[in-house]
Every structure is written in C-alpha cells, then in structure tokens.
Amino acid sequence: MTANIEILNAGFHSIIQGNQRIGFKSFGVPESGPVDPFTSSIANLLLENKPSDPLLEITQGGLEFVSHKDTYIAISGADLNAILFRKKESNKIPVGISIRLRDGDRVKFNGSNNGFRCWCAFCGGIKVSPVISSTSALESSNLGGIFGRRLLKGDIFEVINNTKPGNKILLPLLNFGNKRNVYLRVTKGSQYDKFSKDDIETFFKNSYRVLSNSNRIGIRLSFPDDKIKPIKGFNILSDPSPLGAVQITTDGNPIILLQDRGTVGGYPKIATVIKADFIKVAQLKPNQLINFKLISVEDALKEYYNISSLLEKSLIEVNTDLIKDYISLSEKYDLSYFRLYTENFKFLLKR
Amino acid sequence: MEINARFSFVSEGSLLVEIGNILDYEVSDRVQEFSLALKKLDILDITVAYGSLLIDFDPLKYNLDEFLSEVKNIYNSVMLNFSKREEDAIVHDIFVKFGGQYGPDLKYVADFHNISQEDVIREFTSQIYKVFMLGFTPGFAYMGILSDRIATPRLPTPRLVVEAGSVGIAGNQTGIYPTKSPGGWQIIGRTEQAMFSPESEDPFFLKPSDYVRFIRIDS
C-alpha cells in the first residue's frame, strides 16, 4: 500500500539519493549517492529498509512535507529540528528512531546551527526508477531521482510503505554537529609529489573557510587569512578525480570533490579526504573553518574499519516492556541525563 | 617503448596507475587494454583517463599489499602481450553541420591559424579521431589528436550554454557536448547524433578506444 508525500516547501536543498552509480566512471558518470553514505544508511536501517534505498538528503533545512497516508519515517545525521504537526499538536522529532506518520501529518525541518545535513528515510524507501543503475538524482546531468533534480514545492512522490518497522534505536555514538574548527584527515593525493615542500607545508598549516557556493559537486574553500600567500595550482593532463580529492585551482582555492564531481579533471590534487571523515564533510556549512591533517593510507583504512563497525553496533533493538520500566524509573528520579532517551522511547511507544 | 607505471593509493579505496603523462595513441591504447583486463578483479569501478586510470575497490574486501600485487601482475601480463590491434577498432561516422549558428567559433579558429573556414573543415574531417576518455559530464568524449594546423586554445571565458551535439576544439583535442551545458571549447559545428541516452540500455554512443570519423553535411 503506497503512500504519497507532497512537498509543501523544498527548503534550501532537498534531493532524492539512493545507491551509488557504480561502474560508469569511464563514461563520465560519478558515483552520486548520499554525501555521507554511513549516516544515511542508518535512517534506512531504522526502518528495516536496505541501506541504500532512496531517501531524502536535506541540506540546511526549510523542507516541509505532508503525508497523504499512514507511513513511517526515520531521520539520521544532523538534528535539523524536525517538527511533526498533527492537528493542533506539534512535537519535535528525535534523530535516530522510527516515527509513525498518519494521513495529514506535516513534517518541517527548521534547521539548526549545529550541523548542516540530515537524511529522512521512508518506510520501504521512496519509489524511484533507477537511471544508469541508480535511483540517486544527479542534478548536473539532470538524471535519476525525481525529474533528475532537487525537490521543488508541489512535487509528489510515492513511498513503497510495505512493512511495520521494529523497535530499532540509534545509540548516540557519533556527534554530527561540527565544531567551529574542523580537522579533516587526508591521505596524499594524486599530484602530492608535484607540489613544492613549501606549498605542502603551507597547505597543512592553513585554515580554510567553506564558501557558500559549495554543493554536491564540491566543497569550495578559500584562505581566510589575507596575509598568507595561497598555494597555486597548475595545469596537468586531465586525470581521474577520486572521491574526496582536494584539488588546487589556479587561483589557489582548494575544492574538496564530492559525489557529483566530474570524473576527470585538469587541476592537481594535493590530498584526498579519508572516507571516515565524510561524516564531517557532509556537515560542513558556509563560513566554517577547516584544517587538513595528513595520515597514512593504512591509518585511513583503520578509520574506515572503525566507522563501519561502530555504525553496525550503534543500532539496537529495544524491548518495549523494558522501555516502559525505564521511562517510569527515569521520570521518578528526574534523571536529566537520560531525558533525551526517555523522549525518544516515548516516541517509540506512541506508535 | 619501455612502460614503467607508477602505482599509488590515492585513498584507502582507490589505486591510481600512471602509465604515461602524455597525450599519445600508444599510451592510451595501453591504458585501455589494461582497464579491460582489470575487470576480472572484484572491484567497484575504473576511471580511464589519457595516460592513467583509477581503480576504486571496496577496502573491506582487500588487503592493500595483496591488492597492489594482484593489479601489478595483471599489468605486467597485459604489457608483456601488448600489441596494437587497430583492425578491431570501432569507427563511428558522425555527421556534422559546420559553421554559422551551428559552429559560432569556426571563424575564430580559421582566423587564429590564418586559413579559411573551408580549410579548417577540410583539415578537421581529413582524419579519424580516437576516443581517449569520457568525462567532464556523462558521455563527453575527449578525442584526438588534432593536427597543429587547427589546434586552438579554449575560449578565454567559458560560455554559459553550449547546445547539445556541439562539436568543439580545445588544444589538440576535439569533443562533442552530449547535453546542453556550460563549456569553454571552440564550437565549430553540431551533430544530431545523440551521445548520451540515460534511459536506454546502452546509454553511451562513444566508448573509450572507439574511433570517430566526422562527415560534413550541408547546413
């Protein structure tokens, strides 16, 4: 029994993303898919969906939609202050649990200073036909998702809506809100050796500011400090652009290449952001300051293992009888430390 | 020709193999031959470029050292048995209307070389071009190698809109814009042949290592 979701306000940037487009890079097609596939998969898993079922990637907030049938949703990533409006009631939707939506319920993402992106999954996934073996929208090429573009006011999509999810809950093991100054760990990039020692030193010593024209193609950075002479890029014979590559343009401004980038490019790539740090990359917002830190490929791999196993362990099935005991106990003793959990558990019970 | 490749992990999930840092038919043939042989590995993707390729793999499936030695073994066997097989190449005929509204930069290219527009078209259609790689946007084929008599630098400022099917020149390369997009290449003509059909079973008209023969039709 499918459900219809109608977009009342698309917000800053909201787009359907699903699986990665694997196997077409030699034809110029990038992988597409969620900017942080680790975290987006959590929203799906909370609903018993497949990890890469199509969901909404919501950047900055402002998105508002109404459900025209009963269904379930789950949010992962930054807490963009999603509010559930039901008749005259309104309640904040916690990140990391599944929520039941009734016919006529509205959901609005108000946005937050703490984080930039979240993922909202729907029961069974959003109904999208794959294009070039993926459901993900690739805006720059106008393909995938709905009409190959971001969502607009008035769009309606269908939700598969096939199951009732279990009582899964996300343990808050990961912090999705970025600090003011973010460290991104990188490995050596394709042209690392072609930069001078001075340039490499300058690159790692500097802080960079995230520019507002960043998007899913790349995070554009500038030098916030006018006193520092930026390192300059140079032209190379176009070569492959790995995901997370930090390329230095001829005006000296670095760009971190993301899921919708061109697959080849003619700027030198000094470094590559490690996969585990895409959790932080997805939350970078304009004006935030970042620094790069060089680590070995072996260490990057360890971080990848760590993140993968951490995510596996961060989803737990909860027992509703235990929850009831927990709520009554925590309320009896007014344990503020546990309040977040209590609120989340209450949501689970309300379904 | 001795081929010493450079292998480097540019991330925990991708290995860059650089065979040659030049625009050259044989280097490109070797890159493309190598890419075909790599498909027997359990990998995620390959990005073929002029003189290099990038292998994306699942880091949870491989030990880095073992992966590197598997790739090197394949590389060595490909290079040992490498021979040019031009007779197998697919040559596509692409019909192009040159100049005027279809090729707004044809005059510039002619003036740049102090030859007539007719000379540019004759020179351009006098040889076949190899598809070295696809990139920039899905289905955009980088082809060459253009004769120095018509090779022309990119526009100083890219156009905001280049029509789909536009045939452009950038240095010694030529390419066809598969979709309407911004672009900085010198546009000399346009074809009606679809380069990229996302909904079709075979979305890409041109593939790496194909060849193209441009044929002039009246505009």
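1. In chain A, helix α1(A) is followed by E48(A), whose phi is positive, near 65°. Helices here are DSSP runs of H or I with at least four residues, strands are runs of E with at least two, and both are numbered from the N terminus. This is a predicted model: local features need pLDDT of at least 70 and side-chain atom pairs count only at pLDDT 80 or more, while totals for chains, interfaces and linings use all residues. Residues are numbered from 1 along each chain as its sequence is written, and chains are lettered from A and ligands numbered from 1 in the order in which they are written.

2. Helix α1(A) spans residues 37–46 and is mostly covered, with 10 of its 10 residues buried. Buried means 20 or more other C-beta atoms within 10 Å of the residue's own; exposed means 12 or fewer, partly exposed is in between, and C-beta atoms are placed from the backbone. Among the buried residues are P37(A), F38(A), I42(A) and L46(A). Nonpolar covers Ala, Val, Leu, Ile, Met, Phe, Trp, Tyr, Cys and Pro; charged covers Asp, Glu, Lys and Arg; the others, Gly among them, are polar.

3. Strands pair if DSSP finds at least two bridges between them. I58(A) stands opposite C118(A) in β10(A).

4. Chain A overall has 6 helices and 22 strands. Its radius of gyration, taken over C-alpha atoms, is 21 Å, close to the 20 Å that the globule rule gives for 351 residues, so chain A is as compact as a globular protein of that length. The rule is 2.2 Å times the number of residues to the power 0.38. Buried residues make up 50% of the chain. Of the contacts in chain A with a separation of 6 or more, 77% join residues 24 or more positions apart. A contact needs C-beta atoms, placed from the backbone, within 7 Å.

5. In chain B, β3(B) (residues 45–48) and β4(B) (residues 52–56) run antiparallel, joined by 4 bridges. They form a hairpin with 3 residues between them. T47(B) has L54(B) as its bridge partner. D45(B) and T47(B) point one way from β3(B), I46(B) and V48(B) the other way, and all are buried.

6. The contact of the two chains takes 39 residues from chain B and 32 residues from chain A. On the chain B side, β3(B) gives the most, with 4 residues. That side divides into 24 nonpolar, 12 polar and 3 charged residues.

7. Helices α3(B) (residues 106–113) and α4(B) (residues 117–124) pack at about 95°, with axes 8 Å apart. That makes them roughly perpendicular (65 to 115 degrees; under 35 is roughly parallel, over 145 roughly antiparallel, the rest oblique).

Key
Axes are lines fitted to C-alpha atoms, for helices over the stretch in contact, and angles run from 0 to 180 degrees between N-to-C directions.
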